[in-house]
Structure formats: structure tokens, C-alpha cells
Amino acid sequence: MGPRDKMPELPELEWLTVPSSHVYVSKVLRHCHWTQGMEGDLDSVHVGFLHQEVFKKRAQTLNHESAKWLVDDLTPKEEIVPMPAGCLHATYRDVEGDRRYWKIGQWFFPWFTTIPGFVGDGPLGGHAWVPVDDQRCWVFAFSWHPTRPLTAQELSGKSAVAAFHAETLPGTPFAVCNEGNDYAGPGAPPARQPWMRSPTCRPRT
């Protein structure tokens, strides 16, 4: 906002400091209050419930120990550590061999989040939930690796990175899964409860 020559420096957040080959960013307009969306990033416990089938598949087909730990223990312990510009939020699970599996994310005031990563050398991820008004927000999703470029496989449509970024309708900032199709995508069958459907999925003005 304002004159470009008065624009402040970008905040020194890791994904803004790595080379462009190390980061991928997408942008989508969400029809919700920005704090509603951000709340999901700050609640890593929900992953084991809402995304359970994804992690069960990961545990079975890719033999990811961390995915198995996540779905085996749906009630991890949680700790919050206040920081000068936000907080660290962490969950931990006691796993085999007297080990403890930690998932740690961050909230940077006012709207930046990082998503707890998984075991291994995969890219990290996070969001910026930027308010438009009380009903809409811009969501910037970013995936990055601090020490190497993202690979072609990671940037492909079949990777965990791709799953983190919402697919949009061509030429628009609107997600393919939206209120007009009950968030199931345009090829989904009609909703069983027509009264729940939005009368239009055109952009609000």
C-alpha cells in the first residue's frame, strides 16, 4: 500500500530470504475470516483426524514412521511457548524405543504461520493469511527448502508440495473446490442438501 519507493523491507522470514529456486508460492482468495483459516495452521492436532486417510496411506505405501505415529496417537501432548513476535506451538507423542516425536510450528504476528514439518529432507511449508475484509482473505501458501532447490518431483502435481497448494480455476484466484460446488470440485455429484448450496460461486464485489 502506498508509494512503491516508501515500501518497507520484507520481513526476514526464511522463505523470503532463500533463492527463488528454493521456494514455491501460490495465492488463492478464500471466503472466510482470516483468523478462521489461520486457526487450522495453529492446531496441528486436527491433522490426525481430518487428514487421517492421507497419513494412513503415507504410512502404508511410503513406510513413513512419522505418519504412522501421527495416526496411532490422536491425543498428543501440546505446549505453547510465547515469543517476542508470536509463539511456538508444539505437540509431542511418545513412540517406540522411549523416543518422543515432536511437531513444531510457528505463528509470526500478525498472520504468518509455518506448518510443522515431517521427518526427512522434504520442503517446509506455511501460509500468510492476509485479510481483505471480514468475509474474505488472501492466502499465500509457500513451500521452501532452506539449503537446496526444490526438485522437479516436488514441484509436480503428484507431490506433497502440490497437495499443500490449492488448485485454482484457470485465470482466477478462486479455488477449484469452492462454496459453489460444496468444496468437492466441479466434477462432484450434486449435493444431497440443495439448501446448503450457495446460489453462485461468482466472485463477490
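Me: Where does D182 lie?

Reply: D182 lies in the segment after helix 6 (160–164), where helices (H or I, at least four residues) and strands (E, at least two) are DSSP runs numbered from the N terminus. This is a predicted model, in which local features need pLDDT of at least 70 and side-chain atom pairs count only at pLDDT 80 or more, while totals for chains, interfaces and linings use all residues. Residues are numbered from 1 along each chain as its sequence is written, and side-chain values use heavy atoms, with hydrogens and water left out. D182 has a positive phi of about 55° although it is not a glycine, and D182 is partly exposed, with a relative accessible area of 30%; buried means under 20%, exposed over 50%, and partly exposed in between (1.4 Å probe, protein chains only).

Me: What is the order of the strands in the open sheet?

Reply: Two strands pair if DSSP finds at least two bridges between them. Here an open sheet of 7 strands has the order 1-7-6-5-4-3-2, with antiparallel pairing, and its edge strands, strand 1 (23–30) and strand 2, each pair on one side only.

Me: Which residues of helix 4 are buried?

Reply: An α-helix has 3.6 residues a turn, so residues three or four places apart point the same way. In helix 4, Q52, F55 and A59 are buried. They cover an arc of only 70° around the axis, which puts them on the same side of helix 4; the arc is that of the directions from the helix axis to the C-beta atoms. The face turned away from this buried side carries the exposed residues E53, K57, Q60 and T61. The buried residues of helix 4 pack against helix 3 and helix 5, contact being heavy atoms within 4.5 Å.

Me: Which strands does helix 5 lie across?

Reply: Axes are lines fitted to C-alpha atoms, for helices over the stretch in contact, and angles run from 0 to 180 degrees between N-to-C directions. Helix 5 lies across strand 3 and strand 4, running at about 85° to strand 4. In helix 5 (residues 65–72), the residues S66, A67, W69, L70 and V71 are buried.
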